[in-house]
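Biologist: Before we go through the model, please show me the sequence and the structure.

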Amino acid sequence: MIVYRQSTSLRWLTTLIALTLTLAFSFAQPRTASAHATLAQTDPIRGTSVALSPETLTLWFSEAIEPRYSQVEIVDADGSRIRTSTPEQPADIADPALRLEIDEELERGSYTVVWSTLSAADGHAADGFFSFVVGDAPLPTAEGEAARARDVAAGGAVPQFVDAGVRWASLLGQAVIVGLLLFLAAVLMPLSRRTGVDVPSAAFRRIAIAGFIVLVLGQIASAIVQAIEATRSATLDVLGQPLITVLTETRSGWLWIARSVLLIALGLVVWMLVRRDRLLAMSGNGRLSWWAALGVSAGVLLTMSLGSQAAVRSGSASLPVFNNWLHLVATSVWVGGLVALIPGVDIASAAGIRRPMLSRFSALAAGAVIVLTVTGLLSTRLEVVSWDGLVSTDDGSWLILKLAIVVAALGLSAWHLMNVRPSLDDSRPEFATKAERQFRRGLRLEVALAVAVLAVTSLLTSSIPARDLLDTGDSFGATEILLDASITLRATPGQVGTNEFVVSITEAQAGSFGTVQRVSLRFTPVDARERSGSQQIQLREAGPVDPFTYRGTGAWLAFDGQWAVTVVIRRAGVAEDLESTF
């Protein structure tokens, strides 16, 4: 009778999992996107001048947006808001865009557009501002633009460290539980079946409960973050109808619901395995429970992949999503396996199977490291794109820090493997005892480094991808690193015709670059068949509060083809101009 009830429960659980994954896929159809709905292009073109007052303003974005939770404001030089209609998705434009009618005639002067969006792909919020000019008025300085934007920017933005903390809880909780299951299923339980030794469940039950608590807290907090991002309200009012609306009327909300159902199923099936004094055996009806646990675990990881940058950029049924899912599986094997190994060593030592257990785990961890390396390199190539993206964006900086911690963890693991583990079975008790202490200290340090890797990964995934900052189809960006400064060139929209060019100089140390007197751009066609000489244009300083940013707008890219754009910098007291060619 007991077996019948358990089998029936598992059949219902399997049906629930299948329906939930179907629901998740139905709300994760392919989209070309980037996980942050950043601004791609505008009409009027940002940074340019128009002769007459425009009747409409159109903004194109890098991915699908939720128009209901997106805002656009126009302010003049005095900070007064211009009367406009409610932004809407234009019916005549297939790409993600917002259009609003300008209800009053704009007089000669500069105008700043302040926008904010909510990604339809994963619920990320993005915001920004730009300016355009009516007539022959000057563009505002960078400080002036920022001051206007601050006056009208929507509130309620979630700080990055809060968003990253919520993601960290989800990553850590799922890694601990999934890694625990994989460790037991692939390492400890096969040895238990071979030797006939039952595995006590108390220590693993505590790990599972702790991991599940962290995972549930992260899931609940992620819903609140979604509501705050969507409504731009940081008050407790989001816990009512706004939260329900966001979860039921957005794609990211439906993914959250699907993941929540799977988490409930995961909690139930894990409890089946660890609730007794001994772990449920991997034979008979217990085998079905183990397979159900692993299947639900795969579904939980899949819901995170469906809301990742890979899914929103390439679509749900794509190689990048599978690559992301494999990366999460390998991460769980590594992180959760290390956590499970702490009590596993004690249990295996008491049963006399420590050596084979460590050998099996080493093989499993080595495979996970290989998968992490391959999938990580592929993800880096897709999202960071270039060396410039690696060294000049927050996304690249977090990635470098993550790699540094991973290398440290792998180095510690290699030291364990080559120097400590051989001494664990030393016939001399004093050496074996010392090796035991070193092994346990090192194992805890490895766990700490793995947890730190997940924390940095959370900061990485909450940052705007370098691909969107530097390598979109509507802009050009590149950086050259020098000894005393770095020089960044931006061209928007990066097409033939009128472009806004911005040169930013970042000093390595304050005062190391000297006093800049003039910044120019020299445009040279690369194709010899179309070479018609070079043209050099002097840029204007963005403003007295931003002395290392220079701007210029014009149609200096006169025809299609390859161009060499050289930044020419003249400094006080330096005989030769500094030149950097992009």
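**Sheet and helix packing**

Biologist: In β12, what is the bridge partner of Arg-522?
Modeller: This is a predicted model, in which local features need pLDDT of at least 70, side-chain atom pairs count only at pLDDT 80 or more, and totals for chains, interfaces and linings use all residues. Residues are numbered from 1 along each chain as its sequence is written, and side-chain values use heavy atoms, leaving out hydrogens and water. Strands are DSSP runs of E of at least two residues, helices are runs of H or I of at least four, and both are numbered from the N terminus. In β12, Arg-522 has as its bridge partner Gln-536.

Biologist: How many bridges join β11 to β15?
Modeller: Two strands count as paired if DSSP finds at least two bridges between them. β11 (residues 516-525) is joined to β12 by 4 bridges, antiparallel. The number of bridges joining β11 to β15 is 9.

Biologist: Which strands stand at the edges of the sheet?
Modeller: The open sheet has 4 strands in the order β12-β11-β15-β16, with antiparallel pairing. Each edge strand has a single partner, so one side of it is left without a neighbour in the sheet. The strands at the edges are β12 (535-538) and β16 (578-581).

Biologist: How many residues of β11 are buried?
Modeller: Buried means under 20% relative accessible area, exposed over 50% and partly exposed in between, with a 1.4 Å probe and protein chains only. In the protein chain, buried residues make up 51% of the 582 residues. β11 is mostly covered, and of its 10 residues the number buried is 7.

Biologist: At what angle do α3 and α6 pack?
Modeller: Axes are lines fitted to C-alpha atoms, for helices over the stretch in contact, and angles run from 0 to 180 degrees between N-to-C directions. Helix α3 (residues 160-195) and helix α6 (residues 251-274) have axes 12 Å apart and pack at an angle of about 35°.

Biologist: Which residues of α6 make the contact with α3?
Modeller: Contact means heavy atoms within 4.5 Å. On the α3 side, Ser-170, Gln-174, Ile-177 and Leu-181 take part. From α6 come Arg-259, Leu-266, Val-270 and Leu-273.
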